[in-house]
Every structure is written in structure tokens, then in C-alpha cells.
Amino acid sequence: MTADSTEPMPSVRRLAQRENLRDSVANALRAAVISGELKPGEVYSAPTLGARFGVSATPVREAMLDLVREGLVISLRNKGFRVTEVSDEDLDNVAAVRQLIEPPTIRDVVPAIPAADYPRLRRLAEDIVVAAQAGDLIAYIEADRVFHVTLLAYSGNQKLVDVVSDLRSQTRLLGLTPLVESGRLLPSATEHHELMDLVEAGDGEGAEQLMRRHIGHVRGLWARSQSS
């Protein structure tokens, strides 16, 4: 291989694979925190989490440092990581800020979404429904994140996408398990297909209104599940 070859060196390939694994683990851990699979106030060690997710402790430690920076967990020396707790007031504030950003952005991006992208977006929406039907909370949270972030990316404003991603990470849907058991999660999941109906119809105003209701539904479902 010549010095100016574009083929990645083995060490570079390994690094890329490591980074991909770290991102995958971070997404799974993030979803587990948001869904309540990892409980607020509880301390988890990297080896324990590694065994739970089928990976070694090293990528878990690296991924958890990302979650520390996001405020989802706190690092405890020689103990592991404690999941941070979020108050009702915090959740209300996060929902309020999301209402300010996401609905008008969805309205504005509807005309910018190429028709050729509709099938891919439909598949992303269906991933959410499938996860809800299967009761797979981690898959549900991750599929939901991917769908919404993908739509917002059509704004061309990466800063906005990053802000919303951060806000979504601060959400805690700790009552998803009873919602799955009662069948109340599926209607929220199917709202993503309703949103795609409006996107495909070019109805930006309708998409904005649905997005407002959707954020309200998610917050309301969490509140009701906590009291059930």
C-alpha cells in the first residue's frame, strides 16, 4: 500500500468500528435511561451494563461519559454511574421548549422534504409502531428519536437539531412499561404515521398542529402513568 493510498489503515478501521460501537452503546444506554429501564437514583457499574447489553465494559464506560456530559448520569468514583433524577417541573419546562421549536420547524420543512424520501420516512415511522407493539422500550425510544431528528434535519439547521436532541435526552418517560401493558403506547406510536400523512399531503399547518398535540400527548401519558 502506497503512502498516499486512500484505503484505511487497519488501526483506522478498528478506530471507526470502536466509534460506531460506542455510538450504538450510547444510544442504547440513553434510551434505557429515558425509558426508565435504568432507574433514576440507581447506581450501575460498567461491567454490569456491559453484560446487560452484550458488550465489554470499555465501550460502556466510554459511552457513559457521553451521558455524563448530557446530564443523564453522574460518574461516581470506583462505583459506577448514577442515573440523574428529573422533576415534574423539569419535564414541563422541556416540553414547553420543545413546543416552541419543533412544531413550527416541522411546518417549515414539509415543503422541503422530497417525495422520494417518503418511503424511508414511512419505514422510520413504522419502526416506532413495531417497537411499541413488541413492547421493546429501548427500541421504541431510539426509533422515535431517529424519526424526529431525521425530519428536523430537513431544516438544514444542525444547531437546532442538536438542541432538540439534547432536550429529548432530558425527557424521562418512566411510565412506559405500564403504558405498554395497558396498550396506551400504541396510539402515540401511530401518530407518527398520521404525521407522515400530513407531510405527504404537503399540509405544513396540519403537521404543526399534530406535532403540538403529539408533544402534549407524550407528556400527558407520562403524567398519567406515574399516577396509575
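This is a predicted model: local features need pLDDT of at least 70, side-chain atom pairs count only at pLDDT 80 or more; totals for chains, interfaces and linings use all residues.
User: Over residues 1-16, how many contacts does the model have beyond near neighbours in sequence?
Analyst: The pLDDT is below 50 over residues 1-16. A contact means heavy atoms within 4.5 Å. Beyond near neighbours in sequence, the count for this stretch is 4 contacts.

User: How many helices and strands does the chain have?
Analyst: Helices (H or I, at least four residues) and strands (E, at least two) are DSSP runs, numbered from the N terminus. Reading from that end, the order is α-β-α-α-β-β-α-α-α-α-α-α-α. That makes 10 helices and 3 strands.

User: Where is the kink in α4?
Analyst: Helix α4 covers residues 88-109 and spans 31 Å from first C-alpha to last, close to the 32 Å expected at 1.5 Å a residue; the expected span is 1.5 Å times one less than the number of residues. The bend at a residue is the angle between axes fitted to the seven residues ending there and the seven starting there. A kink of about 30 degrees sits shortly before the proline P103, at Q99.

User: At what angle do α4 and α7 pack?
Analyst: Axes are lines fitted to C-alpha atoms, for helices over the stretch in contact, and angles run from 0 to 180 degrees between N-to-C directions. The axes of α4 and α7 (residues 158-169) are 10 Å apart, and the packing angle is about 145 degrees. The contact includes V94, I101 and T105 of α4, with L160, V163 and L167 among the α7 residues. So the angle to quote for this pair is about 145 degrees.

User: Is L160 buried or exposed?
Analyst: L160 lies in helix α7, and leaving aside neighbours within four places in sequence, L160 contacts I101, T105, L152 and S155. The C-alpha atoms of L160 and T105 are 9.2 Å apart, though 55 residues separate the two along the chain. Buried means under 20% relative accessible area, exposed over 50%, and partly exposed in between (1.4 Å probe, protein chains only). L160 has 18% relative accessibility, so L160 counts as buried.

User: Which residues does T150 touch, not counting those up to four places away in sequence?
Analyst: T150 sits in helix α6, residues 137-153. Because its relative accessibility is 16%, T150 counts as buried. Its partners are R120, L121 and L124.

User: What is phi of N78 near?
Analyst: Most residues other than glycine have a negative phi. N78 is in the loop between β2 (73-76) and β3 (80-83), and at 77% relative accessibility N78 counts as exposed. Its phi is positive, near 65 degrees.

User: Which residue with positive phi follows α9?
Analyst: Helix α9 runs over residues 185-200, and its buried residues include L185, H192 and V199. The phi near 70 degrees after α9 belongs to G202.

Definitions and conventions
Residues are numbered from 1 along each chain as its sequence is written. Side-chain values use heavy atoms; hydrogens and water are left out. pLDDT is the predictor's confidence in each residue, from 0 to 100.
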